[in-house]
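Student: I would like to learn how to read helix packing and cavities. Can you take me through one case?

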Amino acid sequence: MTEFRFARRSSVLGKSVFDHVPGTISLASGAAYPPLLPDVVREAAEAVGPLREEAMQYGPLMGLDDLREEICRFVTGDGVQAQPENVLVTYGAKNALDLACRVFVEPGDRVIVTRPSYMTAIHIMRMHNVQFVDVGQDRDGLSTDELEEQLELFEANAEPMPKLLFDVPDFHNPTGITMSLTRRRRILELARRYNFVICEDDPYRRIRFDGEAVPPIKSLDTTGHVISLGTVSKTLAPGLRVGWAIGDAGVVRRMAMQKADGGSNTFAQRIVVQLMRSNKISRHVDELTEKMRNHRDAMVAALAEYMPEARCRVPDGGYFLWVRLCECDDAEHVVELGIRGGVEATPGRLSFPSDDPGNCLRLAYSFVDEDQIRLGVAQLGKAYKSYRSYRSTTSPA
């Protein structure tokens, strides 16, 4: 092979969580449940018929006006008050995070994340050469006491302060934790005091199985310190690749100017507009939520049966279970054995910005049905048993 002069960022090679080994049961990534992908034939036909001059053309940089208006109405149900000038349509929520990083961070700038955090967000921020400030979590979400201690220390030492905080406060990816209202208010207070921006990723909020909804951080924001990242990837279909950022009008305009694609896919935007206007999205979310509740319950029951040594917090919504094996276990070894046995899981290492305890797994219950979940966890349980048997014979006495 020719000795090309690659950028340093391209030195990392590996398998994406979206690349599945043929014939395996995938409990690895939060892909949509295929039988519930929405039928959008009518909406697509209208987009390529009477609306084709709009839908088949380059779109406005900020997104279709109709979609931005519908997004404003959509988030009103969560208590977020926004005008179209506060909304930027993006190529999914990950694109919105990347644009926020382009606007705010220089190489070496500090960014606050939870420990663990959403693996793809970590990857995106690493591409911007950030310095992570990782903060622990408990049952109420990100530890605001630990964060405040870190910020006070930076201030006392005259060190550079963080520019951004990224978090998934509702049904956190990967832990499933929902942040308490008290913590949300406290994080916003800290953002105002130390002048950092909160990127609130909110893909799972409406997929709630139990408990009462907690107001988004954005709904509490009166100073423009929060950028809300939204998407239809989890509530409709990831293949539509329609997301958005809601924030200060000047901030989202700066983000728009960083777009490499110009105006995002107008064909998909028009489909989403029609789904929102017809309330089809709300009916779909209701059906999806009931199905995901059944999937969660099936996975929790299967773990209790086939991996009783493992521990997990049962989430009130979302797509994921965060599983802790025994402290001295090697989760990556278990994942490798699981693939050989026909099941894919995600090692927790990918969710840690720095030190990885090594004994965690992220399992997704979104993609396969209850029978496949049960079979997949059973196969993973066999892999775990095989690993523990091997370890017991090789560990020093």
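**Helices and cavities**

Tutor: Helix 1 passes helix 10 in a right-handed crossing. A crossing is right-handed if the near helix is turned clockwise from the far one by less than a right angle, and left-handed if anticlockwise. Helices are DSSP runs (H or I, at least four residues), as strands are (E, at least two), numbered from the N terminus. This is a predicted model, where local features need pLDDT of at least 70 and side-chain atom pairs pLDDT 80 or more, while totals for chains, interfaces and linings use all residues. Residues are numbered from 1 along each chain as its sequence is written, and side-chain values use heavy atoms, without hydrogens and water.

Student: At what angle do helix 1 and helix 10 pack?

Tutor: Axes are lines fitted to C-alpha atoms, for helices over the stretch in contact, and angles run from 0 to 180 degrees between N-to-C directions. Helix 1 (residues 41-48) and helix 10 (residues 266-277) pack at about 125°, with axes 9 Å apart. That makes helix 1 oblique to helix 10. Angles under 35 degrees count as roughly parallel, over 145 as roughly antiparallel, 65 to 115 as roughly perpendicular, and the rest as oblique.

Student: Which residues of helix 1 and helix 10 meet?

Tutor: Contact means heavy atoms within 4.5 Å. Glu43, Ala44, Glu46, Ala47 and Val48 of helix 1 meet Phe267, Arg270, Ile271, Gln274 and Leu275 of helix 10.

Student: How do helix 4 and helix 5 cross?

Tutor: The axes of helix 4 (residues 93-104) and helix 5 (residues 119-127) come within 10 Å and cross at roughly 30°. These two helices are therefore roughly parallel to each other. Lys94, Leu97, Asp98 and Cys101 of helix 4 make the contact with Thr120, Ala121, Ile124 and Met125 of helix 5.

Student: How many cavities of 30 Å³ or more does the structure hold?

Tutor: A cavity is a set of points on a 1 Å grid, over the protein atoms alone, where a 1.4 Å probe fits but cannot get out; lining residues have an atom within 4 Å of a point. Points are joined across faces, edges and corners, and a volume is the space filled by probe spheres set on them. The structure holds three such cavities of 30 Å³ or more.

Student: What lines the largest cavity?

Tutor: Its lining has 16 residues, with Phe74, Asp78, Asp202, Arg206 and Trp244 nearest the centre. Strand 9 gives the largest share, four residues.

Student: How much space lies in the second largest cavity?

Tutor: About 60 Å³. Its lining includes Tyr33, His284 and Tyr319.

Conventions:
1 Å grid on protein atoms, 1.4 Å probe; cavity = no way out; pocket = protein on both sides within 12 Å on 5 of 7 lines; lining within 4 Å.
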